[in-house]
Amino acid sequence: MLCDKYEEALIGAAASGAALDSSVGEHVSLCAHCQEILAAQQSMFALVDAGLRTRANVAVPGNFGHRVRAAIQMENPQERRRNSAVLAFGSLAAAAALLIAILLAQSLRHGGKDTARSVVAESKLQGSPLPPVHIDNGTNLGPSLPRTLYSSGTVWRTSWLREASLRRKVDPEVLVPQGQEELLVKYMQGIAARKARVTISAGLQQEPEMKPVEVPSIEISELVVTPLPDLSSN
Amino acid sequence: MQELVLIQPIRAAEEQWSREAAHAAKRRDFEERLAECGPLAYRVARGVLRNDADAEDVAQEALLRAYRRFDRLRDAQRFRGWLVRIVFRLALDRARSAKRRELRETEWAQPARRPAPATAEELAASSEFQARFDRALDELPEKLRLVLLLAAMEGHTMEEVAAILALPVGTVKSRLFAGRKKLAEKLQCYVTNTKKR
């Protein structure tokens, strides 16, 4: 029973391989029972270590590396297929999104036009002193083009809207304060006249029969070098 | 409606080329790791499973998984630890399913009685002791088992085991001590009983 208190110390020493404490060492050197326990523990741990080493240090099969490389080689096409499937799905999704965006934009443009038309109240202008006018973004402005003119309070609108919608053009609408309609017409006529001039001059420049300007050859006379007069005497 | 197709042939070719170059670089890099850590993966799997074919399958599966996720590994120095953890986890899963299968099969078979070994050497070499040792090892907690296996591999110092498992050296030492002690306790009962017989 006296030896029981040394048992843990003996197991610890056998497990770690460390030297025994001086007091334990003294006891073991005198006690045959403890010497037997220590020897048994040491052989047990040797057995454990041998078992572990046997399990941990097995020979690796010679073809193991080749086998893994072959598996990786087979993995690459699969991975590429996976990647290409993801890419294909992504591009399909992008194309679908683009298509939806285009359709949405078109439907919005048509819807917007209809709303603009409905907002403007139309009533026939009775006995207007103004001549009929056609406003087409300031390009086709003139007394001969329009057929009718509609007015509702301060809002003016010309009949070109209906024709323009048929031609699928952008249809601008102009809001004018009451009584200033004539001023606007004159202003727009002025802009139109200026634009027409620009168009004519641009057209002239693009005339195909126009001959290129001939530049006469330049004659360069011989260079004569004359010495400067000596001014040092003055 | 008119169909629109967006084609950028030069860019697509460039992307394909850069993808393939990256792939080749990844493979080269991984093959270097494979030569270095392949045996370690196999031995860890074999230490848990104690079967060559199963160990080879598990180690290969672990290496393939590591290859698939190789891009995600930020620190290349930690590849060994990362691989060891994958192998160990896969091997444990395989061992559990094998154990379930074995239990089903051995319910119908009676173990054969053999004479007890006379000496310690005979005892260590006996298949009964081996089986007992394997069972005792399997019963250990996973964290102790992995430390015992790695520390028992040739050429592995405590510091290396600590680096592989990303643990302090002191923790590795204490786990190793505890693992060996538990194994010895489990085997002590068997050795004592054998000697009494």
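In which helix is B:Pro39 found? Select B:Pro39 and you land in helix H1 (residues 9–49) of chain B. Bear in mind as you look around that this is a predicted model.

**Stop 1: around B:Pro39**

Is B:Pro39 buried or partly exposed? B:Pro39 has 19 C-beta neighbours inside 10 Å, so it counts as partly exposed; a residue needs 20 or more to be buried. B:Pro39 and B:Ala59 are 20 residues apart along the chain, and their C-alpha atoms are separated by 8.9 Å.

**Stop 2: helix H2 of chain B**

Next, pick residues 52–68 of chain B, which make up helix H2. This helix has 17 residues, and from its first C-alpha to its last it reaches 24 Å, close to the 24 Å expected at 1.5 Å a residue. Colour the buried residues of H2(B): they are B:Ala55, B:Glu56, B:Val58, B:Ala59, B:Gln60, B:Ala62, B:Leu63, B:Ala66 and B:Tyr67. As you follow the spacing, remember that an α-helix has 3.6 residues a turn, so residues three or four places apart point the same way.

**Stop 3: the nonpolar core**

Which residues touch the most other members of the largest nonpolar core? That core has 59 residues, and the ones to click are B:Ala41, B:Ala45, B:Ala62 and B:Val87. Zoom in on B:Ala45. Leaving out residues up to four places away in sequence, B:Ala45 touches B:Ala55, B:Val58, B:Ala59, B:Val87 and B:Ala91. In general, nonpolar side chains tend to be buried together in soluble globular proteins.

**Stop 4: chain B as a whole**

Zoom out to chain B. There are 8 helices and 0 strands here. Of its 197 residues, 27% count as buried. Among contacts in chain B with a separation of 6 or more, 66% are between residues 24 or more positions apart.

Now colour by pLDDT. Chain B averages 81, and 78% of the residues score at least 70. For the model, the scores are ipTM 0.76 and pTM 0.55.

**Stop 5: over to chain A**

Chain A has 234 residues, and buried residues make up 13% of them. Of the contacts in chain A with a separation of 6 or more, 57% are between residues 24 or more positions apart.

**Stop 6: where the chains meet**

Show both chains. In total, 25 residues of chain A are in contact with 31 residues of chain B. On the side of chain A that touches chain B, helix H1 (4–16), helix H3 (32–56) and helix H4 (64–119) of chain A each supply at least two residues. H3(A) gives the most, with 11 residues. Colour that side of chain A by residue type and you get 16 nonpolar, 5 polar and 4 charged.

Finish on H3(A). Its 25 residues should span 36 Å at 1.5 Å a residue, and its end C-alpha atoms are 36 Å apart, which agrees. The buried residues in H3(A) include A:Cys34, A:Leu38, A:Gln41, A:Met44 and A:Phe45. Further along H3(A), A:Leu47, A:Val48, A:Gly51, A:Leu52 and A:Arg55 are buried too.

Methods
Residues are numbered from 1 along each chain as its sequence is written. Chains are lettered from A and ligands numbered from 1 in the order in which they are written. This is a predicted model: local features need pLDDT of at least 70, side-chain atom pairs count only at pLDDT 80 or more; totals for chains, interfaces and linings use all residues. Two residues are in contact if their C-beta atoms, placed from the backbone, lie within 7 Å. Helices (H or I, at least four residues) and strands (E, at least two) are DSSP runs, numbered from the N terminus. Ala, Val, Leu, Ile, Met, Phe, Trp, Tyr, Cys and Pro count as nonpolar, Asp, Glu, Lys and Arg as charged, and the others, Gly among them, as polar. A residue is buried if 20 or more other C-beta atoms lie within 10 Å of its own, exposed if 12 or fewer, and partly exposed in between; C-beta atoms are placed from the backbone. The expected span of a helix is 1.5 Å times one less than its number of residues. pLDDT is the predictor's confidence in each residue, from 0 to 100. A nonpolar core is a set of buried Ala, Val, Leu, Ile, Met, Phe, Trp, Tyr and Cys residues joined through C-beta atoms within 7 Å.
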